[in-house]
Number of protein chains: 2
Amino acid sequence: MPPEVFARRLDRARAELEARKLDCLIATPSTNYEYLTGYNPGRSERLIALIVPLRGGPAVVCPSFEVERIKRHGVIADARGWEEEGDPYALVRDTVRRLAPRAGTIALESSTGYQTSLRLAAALSGWKFVDAAPVTERLRIVKAPEEIALIRRAIEITQAAMTATFAQLAVGMTERDVARLLSREMQQRGAEGGGLVQFGPSSALPHGGPAAAALERETVVLIDCGCRVRGYESDITRTAWFGDSPAAEFRKVFNVVHDAQSAAMELGRPGTPCQDMDRAARKVIAAAGYGPFFTHRLGHGLGMDGHEPPYLVEGNALGLEPGMVFTDEPGIYQLGKFGVRIEDDCVMTASGVEVLSQRASKL
Amino acid sequence: MPPEVFARRLDRARAELEARKLDCLIATPSTNYEYLTGYNPGRSERLIALIVPLRGGPAVVCPSFEVERIKRHGVIADARGWEEEGDPYALVRDTVRRLAPRAGTIALESSTGYQTSLRLAAALSGWKFVDAAPVTERLRIVKAPEEIALIRRAIEITQAAMTATFAQLAVGMTERDVARLLSREMQQRGAEGGGLVQFGPSSALPHGGPAAAALERETVVLIDCGCRVRGYESDITRTAWFGDSPAAEFRKVFNVVHDAQSAAMELGRPGTPCQDMDRAARKVIAAAGYGPFFTHRLGHGLGMDGHEPPYLVEGNALGLEPGMVFTDEPGIYQLGKFGVRIEDDCVMTASGVEVLSQRASKL
């Protein structure tokens, strides 16, 4: 993305800090760090910290041998290195003092490790630390057109890779084989990604587990996957019957899940509370008698993280806004039998929910 | 690994807690969580927490739809689920109170996210929180024979995959192509893994960056990679000349780096301070006139994390003990020209350093 995108994001970050009476944002490598700088150098045991004060900056503190790499990628011009035998936290303290001479409140990126947070707080003992989530979530929850374009591209690649993978399913393949095949199909289309593959009864465990079970005919195959295009994710689940004759119960459950998914899509308008989307889908599943088997929330936001706000879950009264991207993924999981989940990616528009992925057909 | 391994590890964890007057360990999914339970359910926005009190337990708090998955893998029998619309932190509080009725000090796993740490501290307001690193590092820093066996297997696979990859290098391949090929060679040998591939001048940037440069003849190829076997890592770097006639300077630098690596290997005995290993290698490089170009520490511990204690770095006086596994990886990086790093994996034994990988030959 062009540098002006990041200049704009930094300006918005500063405005969010100011509105909350915060004086400085510190982020260790994460999607939030990447959102503001255009590059994620990766998290390791060596401290890298982005410092965004209310005025001036931003600056990055990093290992001295990483200065060159960090300056080459992304938009950070002010990168200061600490030596291997030196104290990274002292360098953060000195950099914060230089950029923000008066101690105040630091918003620390939410995923920063606990140990790192303790060391930062010790080095900057005059400062108060708070969770930066309100700032970073507000920055990212409504997607700009250039972000939606990348998510669309990730979705296209994911769907093409899934179609190719389902077409190659064969008796004897393991869940792991299929997962690798899927990743390769994504790579061949220019994206890194992968997902969970579950056969038969294992499909009844959301998020599955590693498995070496071999595929047999006349069974359920669930694939939940996504890929990343320039930092933006897709997330799609398809559950299909492998064989000639889908069991009657599979067909029935599949269609209930599909209807539940549709109910939320049809309900959503700008301002619809997230929990109402969940309720709309849940109502369809409960009416069909499968209520206790829909064991998770309806969906989650999608962007630089595979799961991010807004969460479509009971208790979340947040109203959906145009530009919010989220999944709609009801499921019915009957332990010992099989599970069905159908997941599509959606964006809220001025007139309602636009489904970004190509939906599955009812059976 | 058999369940008794984990029973032993939990006993050792409790002994470490007791010795430090700590009352409870809490770990979110991480290698520390996996070390104690045999399974890493993965970190996400949904709280999963392992609770190890001084007596009784352990218990895991997780999303209710994950209870089944967590009980199936690893050794946790006591897994309690919170509902999607519920409060995971209240369930952690109730579980801690049940297992450790008197408030005291909680050691919180170091990589736990900052936001999670704040929420745990708020839910368990009568408790004091400290970093669990002294406990977890002591548990893991000396490897048991069954751990070293897995690291050896990861090293074997990595070396075979690297050999196969170097043999397939061809003009026109990009760094990314070679990285994918390498991952595939590892997968074909039964392990997940990968690494960094750097051609020519880009080899002078430790940790590189994403690159699409195409391979030409008569240049340097640096591959730094590893794979995981049942949770245990390898980490090996080879720098080679692609073409017929290695440049004289490449040959010279390569042999200096090789000698530096040997110097540390020959010095190490039980009790040798980590920093002395670094100094021994650095002395060789400085004597050859390349001192300023060896910009990072000599090495790091290796186990369930690719980088973990002990760190072979100036300022670390910790003495090496039999069973500690670490890398020996000096490098010389001349920006605008090329970089050479040679990395092998070692274990300290009663009589000195045993090199677990097959070293490169001098040029």
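Me: Where is Glu66(A) placed, and what makes Glu66(A) count as buried or exposed?
Reply: Glu66(A) is in the loop of chain A between β3 (59-63) and α3 (67-72); helices (H or I, at least four residues) and strands (E, at least two) are DSSP runs, numbered from the N terminus. Buried means under 20% relative accessible area, exposed over 50%, and partly exposed in between, with a 1.4 Å probe and protein chains only. Glu66(A) has 4% relative accessibility and therefore counts as buried. This is a predicted model, in which local features need pLDDT of at least 70 and side-chain atom pairs count only at pLDDT 80 or more, while totals for chains, interfaces and linings use all residues. Residues are numbered from 1 along each chain as its sequence is written, chains are lettered from A and ligands numbered from 1 in the order in which they are written, and side-chain values use heavy atoms, with hydrogens and water left out.

Me: Which residues is Glu66(A) in contact with, leaving aside its neighbours within four places in sequence?
Reply: With those neighbours set aside, Glu66(A) is in contact with Pro206(B) and His207(B), where contact means heavy atoms within 4.5 Å.

Me: Why is Glu83(A) called partly exposed?
Reply: The relative accessible area of Glu83(A) is 43%, so the residue is partly exposed. Glu83(A) lies in the chain A loop between β4 (79-82) and α4 (88-99).

Me: What makes Arg55(B) buried or exposed, and which residues is Arg55(B) in contact with?
Reply: Arg55(B) has 56% relative accessibility and so counts as exposed. The loop between β2 (49-53) and β3 (59-63) of chain B holds Arg55(B). Beyond its neighbours within four places in sequence, Arg55(B) is in contact with Arg14(B), Glu18(B) and Leu99(B). Arg55(B) and Arg14(B) are 41 residues apart in sequence, yet their C-alpha atoms are 7.6 Å apart in space.

Me: How do you know that Cys24(A) is in no disulfide?
Reply: A disulfide is a pair of cysteine sulfur atoms within 2.5 Å. For Cys24(A), the nearest cysteine sulfur is that of Cys62(A), 16 Å away, and Cys24(A) is in no disulfide. Cys62(A) is likewise in no disulfide, its nearest cysteine sulfur being that of Cys24(A). Cys24(A) is buried, with a relative accessible area of 0%, and Cys62(A) is buried, also at 0%.

Me: Why is α9(B) called roughly antiparallel to α10(B)?
Reply: The axes of α9 (residues 248-267) and α10 (residues 274-287) of chain B come within 8 Å and cross at roughly 150 degrees. That makes α9(B) roughly antiparallel to α10(B). Axes are lines fitted to C-alpha atoms, for helices over the stretch in contact, and angles run from 0 to 180 degrees between N-to-C directions. Angles under 35 degrees count as roughly parallel, over 145 as roughly antiparallel, 65 to 115 as roughly perpendicular, and the rest as oblique.

Me: Which residues of α9(B) and α10(B) meet?
Reply: Val256(B), Asp259(B), Ala260(B), Ala263(B), Ala264(B) and Leu267(B) of α9(B) meet Asp276(B), Met277(B), Ala280(B), Ala281(B), Val284(B) and Ile285(B) of α10(B). By class, the contact of α9(B) with α10(B) has 10 nonpolar, no polar and two charged residues. Ala, Val, Leu, Ile, Met, Phe, Trp, Tyr, Cys and Pro count as nonpolar, Asp, Glu, Lys and Arg as charged, and the others, Gly among them, as polar.

Me: What makes α1(B) oblique to α6(B)?
Reply: Helix α1 (residues 3-19) and helix α6 (residues 133-141) of chain B pack at an angle of about 140 degrees, with their axes 10 Å apart. That angle makes α1(B) oblique to α6(B). Arg9(B), Arg12(B), Ala13(B), Glu16(B) and Leu17(B) in α1(B) meet Val135(B), Arg138(B) and Leu139(B) in α6(B). The residues of this contact of α1(B) with α6(B) divide into four nonpolar, no polar and four charged.

Me: What makes Lys21(B) buried or exposed?
Reply: Lys21(B) has a relative accessible area of 72% and is therefore exposed. Lys21(B) sits in the loop between α1 and β1 (24-27) of chain B. Phi of Lys21(B) is near 55 degrees, a positive value in a residue other than glycine.
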